[in-house]
Amino acid sequence: MKIKELETRLSYLSESDKERIYEQIFQLVSQYDYDFNSEELKEKESEGCVCPHCGSLKTRKNGIIKGVQRFICNNCKKNFRPSTGSATVNIKKKELFKMYIPQMLLGKSIRSCAKEIGISIQTSFDWRHKILSSFNKHQDDIRLSGICESDDVYFTFSNKGERNLDRLPRKRGKGIFERKKCGINDEKIAVIISADRKGNKHLKVVKRGRISTKDIESVLKDKIEPKSVLCTDTHRSYTSFAKKNNIEHHTIKVSAKEYKRGIYHVQHINSIASDLKLWMNGFKGVSTKYLQNYLNWYAVIDIIEKAINPAKQTAKMIIASTVAWEQFKNICNLQYLY
């Protein structure tokens, strides 16, 4: 539609309708009202410019190359940019990347995002997982306090997308001649989900098969603040973990139809687990190597949706991570894949 034709159509609208259209256009334009390079520089200056290589704060400016500020670390002597280690490193078309974020937040498929932005499907796939790898910083930084609930859920182990399998490929459907393992086994991948009553969520892929006290320790040890209360089902590993770390622990025997004991219950975490599985079904099957990335996404959905500008909030979370690129590269080397 040409501009003159659009102006003619708008002239026939009432003042209230014009105002509504103005608000919608303003919201659309505001999604892109930021510059990645300047935002990255602001982030570095606000946090004291931490070296992404060694974590040292002893850094200083080291000139400008092609309009981008460079820094040098006095500790490891390495140079770096504000984007070093983040999801935006080596991305040549940051304006397209900025346009990609709102499309992804709308829940569009990788193929649809690629068509909308004008990039290849492979680039769309890579950009999605670079962004999701950035959200892992939020998972690392999260701390649960007050009354916390925790539970373990299981997803079927998936090699989706793998070219070289160490087994025969499975056929679509259940397969009446294919023997299935019962209960919790190495064909299931364990995820520990934890949340507090303030809405903070922590989701972590643990291992294949049944979890132990050691696994819970590795996930939750530094995530629960002192003087917090932990509510779980009667899984003995949680009891052992709580006792070892001096955490007040209340068990709810759901199998015996006990759903609440005073203010203590596990209804929130069960609701999150149920909602998570429904949400994951929308992706039509996720390979296990990318499962943690989607858990990262689910954990920050509420934060992004409640933001005044969801796209800009997402951009800030992307910029804040200085290890996203490394995590993206090492996705295929996760220990629970073998």
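Guide: The expected span of a helix is 1.5 Å multiplied by one less than its number of residues; helices (H or I, at least four residues) and strands (E, at least two) are DSSP runs, numbered from the N terminus. This is a predicted model, in which local features need pLDDT of at least 70 and side-chain atom pairs count only at pLDDT 80 or more, while totals for chains, interfaces and linings use all residues. Residues are numbered from 1 along each chain as its sequence is written, and side-chain values use heavy atoms, leaving out hydrogens and water.

Helix H6, residues 121-134, has 14 residues and reaches 20 Å from its first C-alpha to its last, close to the expected 20 Å. Its buried residues (under 20% relative accessible area; exposed is over 50%, partly exposed in between; 1.4 Å probe, protein chains only) include Trp-127, Arg-128, Ile-131 and Leu-132. Among the elements covering the buried residues of H6 are helices H4 (94-105), H5 (110-117) and H11 (291-306).

Turning to the sheet, three strands form an open arrangement in the order E1-E2-E3, with antiparallel pairing (two strands pair if DSSP finds at least two bridges between them). Strands E1 (59-65) and E3 (79-80) are at the edges, each with a single partner strand, so one side of each has no neighbour in the sheet. Five bridges join E1 to E2 (residues 68-73), and Arg-60 stands opposite Ile-72 in E2.

Finally, Val-254 is in the loop between strand E8 (248-251) and strand E9 (260-261). Leaving aside neighbours within four places in sequence, Val-254 is in contact (heavy atoms within 4.5 Å) with Tyr-259 and Val-266.
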